[in-house]
2 protein chains.
Amino acid sequence: MATIKDIANRLGVSVSTVSKGLNGASDISEQLRQTVLDTAVEMGYTPKQMRARDTGKLCIFIENMEYETAEQFGYDIILGFKQAAYPARYDVTVMPITPAFQKAEKYDTFMLKNGYVGAFLVGFALQDAWLEQLHTTSIPTTLFDNYIRKNPNVSYIGTDSFEGIDDAIEHLIALGHRKIALLNGSAHSMITEQRRQAYIDSMSAHNLEVSEKWMPYSYYVAAAAKDHVAGLLSLGATAIVCGNDLLASGALHECLANGYRVPEDVSIIGFDDIPISAQLNPPLTTIRQDRIELGKCGFFTLHSVINHVSVSKNLLRPQLIIRNSTAPVRK
Amino acid sequence: MATIKDIANRLGVSVSTVSKGLNGASDISEQLRQTVLDTAVEMGYTPKQMRARDTGKLCIFIENMEYETAEQFGYDIILGFKQAAYPARYDVTVMPITPAFQKAEKYDTFMLKNGYVGAFLVGFALQDAWLEQLHTTSIPTTLFDNYIRKNPNVSYIGTDSFEGIDDAIEHLIALGHRKIALLNGSAHSMITEQRRQAYIDSMSAHNLEVSEKWMPYSYYVAAAAKDHVAGLLSLGATAIVCGNDLLASGALHECLANGYRVPEDVSIIGFDDIPISAQLNPPLTTIRQDRIELGKCGFFTLHSVINHVSVSKNLLRPQLIIRNSTAPVRK
């Protein structure tokens, strides 16, 4: 393991200069400080106080997701993470983050200079600067709903879409449905592609027809249903599985607007079970992601990676919550 | 949570009879004892001393796998599990098990009467009696290389076959190979099917032809290579990815027996990286499953399930170990 002296030798500067760079002292230039940090990361330097403890500081970085109040999607994820991390004697910082911040600060050096031993990243987009840097990071990192190939320091957690979609389709088949559509979310998202493949696999396994026009992409917002629901109904769909609950709430509205009753004429299933889903009219049947569990799983997985267990994917069980937006197919 | 009194009321017997049944006292009949245990399991009873502790006794059940000495496949899996479990203050018992034992003892009642709070099952076969019972068990259970659908108390851990096979095929493609076969293991095994699908996905993603005759099933033993290698060579295969290292060692032998040199004429890749693989002639390029990590992952996952985090699948990163059985394709 590299020491401060090793870094000083490599850079041809004094030990105290390296120490200043690592500790954020004000009397060295920002450029030299960055060089010290970059070199420290490259050489695998870990601060002594961090080496001496068996636990340490973790950071949850959160982007594109509300988390401040209990009805928001991210709230329980953070709560679950903390519930699992505190008994294991970790400190947890929550930091909302922007694309601009990621461009200004390198991930590894930001982690090192703040003394974080690992991070949980929630809500990041594929084009984010830090996601690109995760291909080579040496910092234990766990991602919610994003997957980085091959780097043993990075792991992906989420809900098992394949099991969830299959549960939904089996429920619909048991109700007599055969013409089942998938109103999916945004293209070019890993989760969207996963749910699409899960739909194809499940429909095929049940000997039901699959074709492109039955599984349109849209967006993960209620308004996006407007462009697709009438088309799916005109194809004869008796049931629509939606990429998330917001899209499902839009689909409910569009069915009514097109003169179809839910669930008498059309069954609708969502994904996520956000708090509002039970309050919709009719209350939504949906595939629940348990967000407290997701947060705990984020911690347990990060803790595994910190302990040199290179988790690739850790997926939780979804749970089909049957409410009133699904019913037997109309004769 | 059910108490001893609840069980007594349900069965119409005294509290002391229930207590005797749960504690293995000799002065009640075996039949009544089984009824007490069955009812306790059904009602979700947990012994008080178990409720009061935050950790407890775990059992590793092992079948169809050698584990007594360091060069055997199971040894490091058990070692890794214990390395992760002891710091978390769990006791770990290792119990080899047979199909006959599983028929004689129900899984849930065996766990309850021995006071185990969770189990890690290694090497079980699909037709084992306990695997069937896992569909409904209420005991936190983690399986190595077996998957039970839908029961939130049961999780599956293993190595990510998709990433491993893809690494192998990318390595071969970089060496100029295009005619790549998969000599797979036993049909009707979850892992065999996973590796087959991984091969199909990876070949397709690289625009290489996939057909049935290029991916025969065989068995996970060296001798099974004899029935297939000559056929694959006559099809023009320049590289053979094998279902495990034993099969790869057989394939090495068969190539030589058919007048083909490895790696000059044919490249061979195994799966597992068992200790003998580095000693083969030539030393085997293979997809490593890190067995210490698998054991630790088994514990971390079981610990998650005990903490009500319903893990479906927790997959580790494989690592391609490049030795001398692969080389550039012959011109």
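A charge is said to sit over a ring if NZ of Lys or CZ of Arg is within 6 Å of the ring centre and within 35 degrees of the ring normal. In this predicted model, Lys57(B) lies over the face of Tyr116(B), at 4.9 Å from the ring centre. In chain A, Lys57(A) lies over the face of Tyr116(A), at 4.9 Å from the ring centre.

Because the model is predicted, local features need pLDDT of at least 70 and side-chain atom pairs count only at pLDDT 80 or more, while totals for chains, interfaces and linings use all residues. Residues are numbered from 1 along each chain as its sequence is written, chains are lettered from A and ligands numbered from 1 in the order in which they are written, and side-chain values use heavy atoms, with hydrogens and water left out.

Chain A has 13 helices and 11 strands; these are DSSP runs numbered from the N terminus, with helices (H or I) of at least four residues and strands (E) of at least two. Along the principal axes, the C-alpha atoms of chain A fill a box of roughly 85 × 35 × 35 Å. Of the 331 residues in chain A, 56% are buried, where buried means under 20% relative accessible area, exposed means over 50%, and partly exposed lies in between (1.4 Å probe, protein chains only). A contact means heavy atoms within 4.5 Å. Among the contacts in chain A with a separation of 6 or more, 68% join residues 24 or more positions apart.

The aromatic rings come next. Rings of Phe, Tyr and Trp (its six-membered ring) pair if their centres lie within 6.5 Å; planes under 30 degrees apart count as stacked, over 60 as edge-to-face and the rest as tilted. The count by this rule is 24 aromatic pairs over all chains. Phe61(A) and Tyr107(A) form an edge-to-face pair, 6.3 Å centre to centre with 65 degrees between the planes. This pair links distant parts of the chain, since Phe61(A) lies in strand β1 (residues 57–62) and Tyr107(A) in helix α7 (residues 107–113), 46 residues apart. Both Phe61(A) and Tyr107(A) are buried.

Which cysteines are joined? A disulfide is a covalent bond between the sulfur atoms of two cysteines. For Cys255(A), the nearest cysteine sulfur, that of Cys242(A), is 8.3 Å away. Cys255(A) is buried, at 0% relative accessibility.

Finally, the two chains may be considered together. A rotation of 179 degrees with 0.0 Å of shift along its axis superposes chain B on chain A with an RMSD of 0.2 Å, by least squares on the C-alpha atoms of residues with pLDDT of at least 70 in both. That is the relation of a two-fold axis. Of the residues of chain B, Asn314(B) comes closest to the rotation axis, at 2.1 Å (C-alpha). In the interface, 30 residues of chain B are in contact with 30 residues of chain A. The copies meet through the same surface, because 100% of the interface residues of chain B are also interface residues in chain A. The chains bury about 2500 Å² between them, 43% of it on carbon and sulfur atoms; buried area is the accessible area (1.4 Å probe) that two parts lose on being put together, summed over both. In chain B, Phe300(B), Val309(B) and Arg317(B) lose the most area to chain A, together 27% of what that side buries.

Key:
A disulfide is a pair of cysteine sulfur atoms within 2.5 Å.
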